[in-house]
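Please open the model in a viewer and keep the selection tool ready.

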Amino acid sequence: MTDRPRIAILGRLAEHTSSSPLPAVSVSRQLLDSIWLAGGDPVILLPVSDCDWESRLEGFAGVLMPGGGDIDPLRYAANVASSEVYGVNAFQDETDFALIEWSLEAGIPFLAICRGCQAVNIAFGGTLVQHMSDDHRDKLHRVSVSEPAALGLSVSTVDSSCYHHQAIDRLGEGLVVVAKSEDDVIEAIRIPSAAWAYGIQWHPEHTADADAHQLQILQKFVAEAKAFIA
C-alpha cells in the first residue's frame with residue numbers, strides 16, 4: 001500500500017514521436033520524475049471527449065495541467081496574429097478546458113504549468129500575448145513571488161527555468177498575480193477554488209532535481225493532494 005497520492009496529468013497529443021511515426025500521447029519524463037521526487041505518483045490520462053471526470057478521477061488526489069503547444073486564439077476571441085503560433089489542436093483544447101472546469105468546481109488540488117497556466121487564464125476570460133517580442137524560450141531568470149509560503153517556498157525570489165513564447169496579456173477575472181519576472185511578465189497566478197490551486201508559467205520540473213526551491217513548489221502541491229484524501 002503506497003502513501004503516494006495519485007496525481008492526474010492530462011497527456012499531450014503529438015502527431016508523432018522520435019520512436020514512432022504514429023500519433024502519440026506524451027508527457028515529459030522530467031515532469032513525471034519531479035512529481036515522483038516530490039512524493040506523488042504521476043498518472044498520464046488519455047485526452048477523450050465527453051468523459052465523466054468525477055468517475056474517471058475517483059481516487060486521484062490532485063490534477064496537474066502540463067505544458068504543450070499553443071491554444072487556438074479563437075478561444076480568447078482573437079484571430080491568429082503571429083506566424084509563431086504553433087501546435088494548435090482543437091481536441092486538446094477541448095479536453096484541457098473541460099478538465100480545468102471540473103477540477104476547480106470539484107475543489108481538488110490543482111497545478112497548471114506553462115500552457116496549463118495560459119489555459120486557466122483564458123478559462124477565466126483572459127487573453128494572451130500571441131508572441132512575445134523577447135520570448136522566454138530556454139531562459140533561466142529571476143522571478144519575484146508575492147505569496148511564497150502559499151507555493152511552499154522559503155524565499156521570495158527564485159531562479160526559474162522558462163520555455164514559453166506566449167504570456168498572459170489581460171488577466172482573467174478573479175485570478176491574482178503572485179509572481180512576475182524581471183521583465184514584468186506574469187509568471188504565476190492564484191486561481192479561485194475551494195482547494196489549493198495555482199498556475200505557474202515557468203517549469204519547476206526543469207530544475208527540481210537540483211534546485212530545492214523548485215522542488216518545494218511541487219512538494220507543496222503533493223502535500224495538498226495528500227491532505228485532500230487523508
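Begin with the largest pocket, which holds about 790 Å³ of space. On a 1 Å grid over the protein atoms alone, a pocket is an open set of points where a 1.4 Å probe fits, with protein on both sides within 12 Å along at least five of seven lines; lining residues have an atom within 4 Å of a point. The volume is the space filled by probe spheres set on the points, which are joined across faces, edges and corners. Select Arg12, Gly67, Gly68, Gly69 and Tyr86: of the 31 lining residues, these are the closest to the centre of the largest pocket.

This is a predicted model, in which local features need pLDDT of at least 70 and side-chain atom pairs count only at pLDDT 80 or more, while totals for chains, interfaces and linings use all residues. Residues are numbered from 1 along each chain as its sequence is written, and side-chain values use heavy atoms, with hydrogens and water left out.

Next, colour strand E2 (12–14), helix H1 (29–37), helix H4 (115–123) and strand E9 (157–164), each of which supplies at least two residues of the pocket lining. Helices (H or I, at least four residues) and strands (E, at least two) are DSSP runs, numbered from the N terminus. Which element gives the most to the lining of the largest pocket? Strand E2 does, with three residues.

Now show the side chains of Arg12 and Asp96, which meet in a salt bridge (2.8 Å, N to O). Asp96 lies in helix H3 (residues 90–106) and Arg12 in strand E2, so the pair ties together parts that are 84 residues apart in sequence. A salt bridge is a side-chain nitrogen of Lys or Arg within 4 Å of a carboxyl oxygen of Asp or Glu. Are these two residues buried or exposed? Asp96 is buried, with a relative accessible area of 0%, and Arg12 also counts as buried, at 8%. Buried means under 20% relative accessible area, exposed over 50%, and partly exposed in between (1.4 Å probe, protein chains only).

Finally, move to helix H5 (residues 212–228) and select Lys220 and Glu224, which are four residues apart, about one helical turn. Their salt bridge has its closest N and O atoms 2.9 Å apart. Glu224 is partly exposed at 25% relative accessibility, and Lys220 is partly exposed at 24%.
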